Amino acid sequence: MKEDSKIQEKDLAHDEHDANDGHDHGATDNSGWKSHIPLLSGLAILAVMLTMEYGFKFVPKFPVDLIVYLVAYLLAGYNVLYMAWRKAIRFDFFNEFFLMSVATIGAFAIGSYSEGVAVMVFYSIGEWFQDAAVNRAKRSIKALLDVRPEEVTVLRNGSTETVHPKDVAIGEVIQAKPGEKVALDGTLESEKASFNTAALTGESKPDSKAKGENVYAGMINLNTVSEIKVTAKFSDSKLSRILEMVQDATARKSQTQLFISRFAKVYTPIVFALAVAVCFVPYFFVSDYDFYDWFYRALVFLVISCPCALVVSIPLGYFGGIGLASRNGILFKGSNFLDVMTQIDTVVMDKTGTLTEGVFKVQEVKPEGLDEQEFLKLTAAIESKSTHPIALAVTEHVGKESIKSLSINDVEEIPGHGLKATIDGKEVLAGNAKLLKKYSIDYPESVTAIVNTVVVVAVNKKYAGYITIADQIKADAQQAIKDLHGLGIKTVMLSGDKQSVVDDVAKTLSIDNAYGDLLPEGKVEKVQALKDQNKKLAFVGDGVNDAPVVALADAGIAMGGLGSDATIETADVVIQNDQPSKIVTAIKVGKLTKKIVWQNIVLAMVVKVIVLALGAGGVANLWEAVIADVGVALLAILNAVRIQRIRL
């Protein structure tokens, strides 16, 4: 019922209810008490009249009582009446505005003035609290990430200037003082600095940076004055893009939200039909039929049937889940993925950069037929054309200075194998053993028995030696796998690395199944095989090289998304730091959100069914109906709001 209201009524001065925005009656945040003075005035008049009636047994005579109650009614309900009228002239009668208007005007028609005012007053108060809760949830989500400074110190012409970050150009150098937030993405120009990244990653441990390393907007400089060379505009910073992503996430609705919206569109006309039936059908079956009595029962039926508790508390619960995840350094691209995470029974993980640090170090150099220095130079020269962590390790070990004099041409990357290039007129191959097999180059069988990662090199179609490289398992990887098993989730590791390395890591971490020597299409085949077994899969990787697998999985999770544009674009869920344990946290957030949402659905439906039955049977009156309606809505909202305060 609320799902499309905002689209339909954009020309109105007052926004309408929307399952995504909650009960927002104005274009701005109208949850402050000053904007509700008319409603509070109506409540005050109602309180005075009820005190006079029940405390002093004094009721003003007609038409004074009608006029007083009518004033209170209009003060409390003019917004509702206005929206009901605007919808009615568009022939949209099945909405809560029209429902409440009919119920309260009907109460006035049969002389139940105080009850008619009470229904409108308490309904509007419920709306107020709902507005406040939704606005608070939205603000808290935005505040988690919108930590962009309003000003920045920039170095220009030998002096400093204070300007807005959007006025700083790429390539300029900015200053960040101790305790100050970094305003723009860039690379550190100072020799070293330490930053608090909690606002971005949820990680409280300080992050030390060296000269040339990336620094991102939102980080807090901890120690000395740092100089940072800007690499991205204010609007293009990682923080701006992450903030935009989280705000957009609320627009991507879960299946539960979509179901409730569809349910409300069917439910409301049925309720209207039943209310009419409650009023008129007994005429044919009840001997002492009294129209006013049955009309009153129909009004009670209409009041309690309002689906506010469902249509507001459910999206509010998902807002809370997205906010809770963001506070823990996990970004969901939509509330639909919170639901998906609750269904995951198999987590498929890449090895390098996901379960291991991805920081490789050269362990052993074994040239054959070449001088070691020449061998290292040729290998580093070709690997300098790749961004793969293994290639970076070789280049770092040899040093870029030593390869500057070499001429590197015709570089070709062979996916899943390695690189081919011409260096100083020599044809050089560097990669895994499959690369040499591909080009029919013989090499010692002992190379394949080495446990560590091996870079095998060939020069002019002849085997030239190898370099071994080792990676380190992440500190929390073992606990992450243990926790996943504790949730009954199967773990699978896929890697392009050789099987012996993969087996060693899998054994250390107790991973259920591990597959190595995989090309990108091999990973797709393994994931498809699991999908064919009706597994619900989450794939965890870098979100770039494994894009086909990410697309195939039910939920694609990117590790270390803060450092990569592509991860933010590709994945459904982004873990902003590199901790595998956050996979478990993401699943827990999804399960917690679903639990609270379904608590609200059950609470609302049970209470409504009971009071609907009591109202139709003449047991419940309008007072009880409105208290039940507003009460269950507020209970559901309070239950949804508490998710934002839960610590994981």
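Buried residues are those with under 20% relative accessible area, exposed residues have over 50%, and partly exposed ones fall in between (1.4 Å probe, protein chains only). The model is predicted: local features need pLDDT of at least 70, side-chain atom pairs count only at pLDDT 80 or more, and totals for chains, interfaces and linings use all residues. Residues are numbered from 1 along each chain as its sequence is written, and side-chain values use heavy atoms, with hydrogens and water left out.

Aromatic contacts were examined next. Rings of Phe, Tyr and Trp (its six-membered ring) pair if their centres lie within 6.5 Å; planes under 30 degrees apart count as stacked, over 60 as edge-to-face and the rest as tilted. Tyr283 and Phe284 form an edge-to-face pair, because their ring centres are 5.3 Å apart and their planes stand at 85 degrees. Tyr283 and Phe284 are both exposed. Phe291 and Phe295 are stacked, because their planes lie at 15 degrees, with centres 5.5 Å apart. Both belong to helix H9 (residues 291-305), four residues apart, about one turn of the helix. Helices (H or I, at least four residues) and strands (E, at least two) are DSSP runs, numbered from the N terminus. Phe291 has 34% relative accessibility, so it counts as partly exposed. Tyr69, Tyr73, Phe108 and Tyr113 make up one aromatic cluster.

Six strands build an open sheet, ordered S4-S3-S5-S11-S6-S9, with antiparallel pairing. Strands pair if DSSP finds at least two bridges between them. At the edges lie strand S4 (159-163) and strand S9 (214-215), each pairing on one side only. Strand S5 (residues 173-176) and strand S11 (residues 226-230) are joined in the antiparallel sense by four bridges. Val173 has Lys229 as its bridge partner in S11.

Charged side chains also interact. A salt bridge is a side-chain nitrogen of Lys or Arg within 4 Å of a carboxyl oxygen of Asp or Glu. The count comes to 15 salt bridges. One of them joins Lys166 and Asp167 (3.8 Å, N to O). Lys166 is exposed, at 57% relative accessibility, whereas Asp167 is partly exposed, at 43%. Asp554 bridges to Lys536, with the closest N and O atoms 3.7 Å apart. This pair links distant parts of the chain, 18 residues apart: Asp554 lies in the loop between helix H18 (547-552) and strand S23 (555-559), and Lys536 in the loop between helix H17 (520-532) and strand S22 (537-541). Arg156, Glu161 and Glu172 are connected in a salt-bridge network.
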